[in-house]
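User: I've got a structure open and I'd like to walk through it with you, one question at a time. Can we start with the turns and work inwards?

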Amino acid sequence: MDSVKGPGCKTLLPDNELKPLEEIEKSIIKRYRKYLWSKFIKAIKDFRLIEEGDKIAVAISGGKDSILMAKLFQELQRYGDMKIELEFIVADPGYHQQIKKLMLENCEYLNIPVKVFDSGIFKIVDKIAQDYPCYMCAKMRRGALYSKAQELGCNKLALGHHFNDVIETTMMNILYTGSFKTMLPKLRSTNFRGLELIRPMYYIEEKHIERFTRSSGITPLNCACMVAAERTGNKRYEVKDLIKELSGKIDNLEVNIMRATQNVNMEAILGWQKGRERFSYLDFYDE
Ligand SMILES: Nc1ncnc2c1ncn2[C@@H]1O[C@H](COP(=O)(O)OP(=O)(O)OP(=O)(O)O)[C@@H](O)[C@H]1O
C-alpha cells in the first residue's frame with residue numbers, strides 16, 4: 001500500500017499520565033463544560049439532532065474527535081432528560097495491528113463498548129482509487145457505517161466532525177470547487193431509508209478537543225491511514241493554515257465563516273441550486 005502514501009500526519013501527544021476514567025468523565029461536564037459539553041448540547045438543541053427514543057450509532061474511528069464524542073454521548077445518556085440508546089461502531093478499514101490494539105485499549109479504558117466490524121476499505125481503495133484515495137475511502141466508509149447502523153436497528157448515525165471541519169470544508173468549497181456549500185449538522189440518507197446522519201460536535205472547536213485529549217493523557221489514533229497518509233489531505237491542511245494565518249489579522253474570522261453559511265442573502269446572490277435544478281437571480285428579476 002505504499003504506492004500513494006504521503007508523509008504521515010501530525011501526532012497529538014498527551015501532556016501527562018492517563019487520568020482515572022472518573023476524572024476524565026467529570027472534566028467534560030466541569031472543567032471543559034463551556035467548551036465541550038455546552039457546545040454539544042447547543043448543537044443538539046439548535047439543530048434538533050436528537051429525540052426521545054432515538055437509537056444512535058456513534059461512529060468511532062479511535063481518533064480524538066470520535067473518542068470525545070463517545071464520552072459526550074455517554075454523559076448525555078447519564079444526565080440528559082431524553083431516553084436514548086447507543087451503539088458504538090468501528091469500521092475496521094484494515095488498520096495495522098498495533099493501531100487496532102491501541103484503539104481497542106483506549107476504548108476499553110474509557111468504557112466505550114465498541115462493536116468492530118471489517119470493512120476492508122484500505123485494500124479496495126489502494127487498488128482502485130490511486131488518484132482520489134481519501135474521497136473514495138470516505139464514501140465507502142459512510143456506506144459501511146450506514147449499513148451497520150441499519151443492521152443494529154439504529155435510526156441515527158453520529159459522526160465526529162467539529163467546528164473547524166465545518167469552516168474548513170466551507171472554505172475548501174469556495175477556494176477549490178467554486179461553490180458555496182457547507183457541511184450540514186444533519187441530513188437524511190438517500191440510500192438508507194429511515195437513517196439520519198447527525199454531527200453533534202458542530203460547534204466544538206478542535207483546539208478544545210486537543211486540550212481535553214492531551215490533559216486526559218489519552219493517546220488517540222492520530223492518523224491510522226495505511227493508504228494515503230497526509231498526501232491528499234494537503235488541501236485541508238493548506239486551508240487550515242490559511243484560516244489560522246488570517247485569524248491573527250481579522251477578528252472573529254472563524255465565527256464569521258460559520259455565520260456566513262447562516263446568513264446567505266438571497267437578494268444578493270447570482271445563482272443557486274436546489275435539488276437537481278439550477279436557478280439564476282435573473283429568473284426572478286421581472287417578478
Ligand atoms: N473507521 C471508522 N469507523 C467508524 N467511524 C469512523 C471511522 N473513520 C471515521 N469515522 C467517523 O467519521 C468522522 C470523521 O472522520 P475523519 O476521518 O474526517 O475523522 P477525524 O476528523 O480525524 O476524526 P477522528 O478524530 O474522530 O478520527 C469521525 O469523527 C468518526 O465519527
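User: Which residue in the turn between S7 and S8 has a positive phi?

Analyst: Keep in mind that this is a predicted model. Strands S7 (residues 271–274) and S8 (residues 277–280) run antiparallel and are joined by four bridges. They form a hairpin with two residues between them. The turn residue with a positive phi, of about 60°, is Gly275.

User: And which residue of S8 stands opposite Lys274?

Analyst: S7 and S8 are held as a pair by four bridges. Look across from Lys274 into S8 and you land on Glu277.

User: Which residue in S4 is the bridge partner of Ala57?

Analyst: S1 (residues 55–59) and S4 (residues 156–158) run parallel, with three bridges joining them. Follow Ala57 over to S4 and the partner is Leu157.

User: Which residues come nearest to the ligand?

Analyst: The shell around the ligand has 17 residues. H3, S2 (85–92) and H6 (133–151) each supply at least two of the shell residues. Those that come nearest are Ala59, Ser61, Gly63, Ser66 and Gly160.

User: How many residues of that shell are charged?

Analyst: Sort the shell by residue type and you get eight nonpolar and five polar residues. That leaves the charged group, which has four.

User: How far apart are the end C-alpha atoms of H7?

Analyst: H7 takes in residues 163–177, which is 15 residues. At 1.5 Å a residue the helix should span 21 Å, and the model agrees with that. Its end C-alpha atoms are 20 Å apart.

User: Which helices do the buried residues of H7 pack against?

Analyst: The buried residues of H7 are Phe163, Asn164, Asp165, Val166, Ile167, Glu168 and Met171. Just after the helix, Gly178 takes a positive phi of about 60°. The packing partners of the buried residues are H8 (206–216), H9 (234–247) and H10 (253–260).

User: Is Asn111 buried or exposed?

Analyst: Asn111 is found in the loop between H4 (97–109) and S3. Its phi is positive, about 60°, although it is not a glycine. Most residues other than glycine have a negative phi. With 12 other C-beta atoms within 10 Å, Asn111 counts as exposed.

User: Where is Asn252 found?

Analyst: Asn252 has a positive phi too, near 55°, and is a residue other than glycine. Asn252 is exposed, because 10 other C-beta atoms lie within 10 Å. Its place is the loop between H9 and H10.

User: How far apart in space are Gly80 and Cys107?

Analyst: Gly80 is found in the loop between H3 and S2. Gly80 is partly exposed, with 13 other C-beta atoms within 10 Å. In sequence, Gly80 and Cys107 are 27 residues apart; in space, C-alpha to C-alpha, the gap is 22 Å.

User: What separates the C-alpha atoms of Asp92 and Gly120?

Analyst: Asp92 is in strand S2. Leaving out residues up to four places away in sequence, Asp92 touches Lys100, Val116, Phe117, Asp118 and Ser119. Asp92 is partly exposed, with 18 other C-beta atoms within 10 Å. Gly120 is 28 residues from Asp92 along the chain, and their C-alpha atoms are separated by 7.0 Å.

User: Last one: how far apart are the C-alpha atoms of Tyr285 and Gly94?

Analyst: Tyr285 is found in the segment after S8. Along the chain Tyr285 and Gly94 are 191 residues apart, and their C-alpha atoms are separated by 54 Å.

Conventions:
Residues numbered from 1 in each chain as written. Predicted model: local features only at pLDDT ≥ 70, side-chain atom pairs only at ≥ 80, totals over all residues. Expected span 1.5 Å × (residues − 1). Buried ≥ 20, exposed ≤ 12 C-beta atoms within 10 Å, placed from the backbone. Contact = placed C-beta atoms within 7 Å. Near = placed C-beta within 6 Å. Nonpolar A, V, L, I, M, F, W, Y, C, P; charged D, E, K, R; others polar. Pairing = 2+ DSSP bridges.
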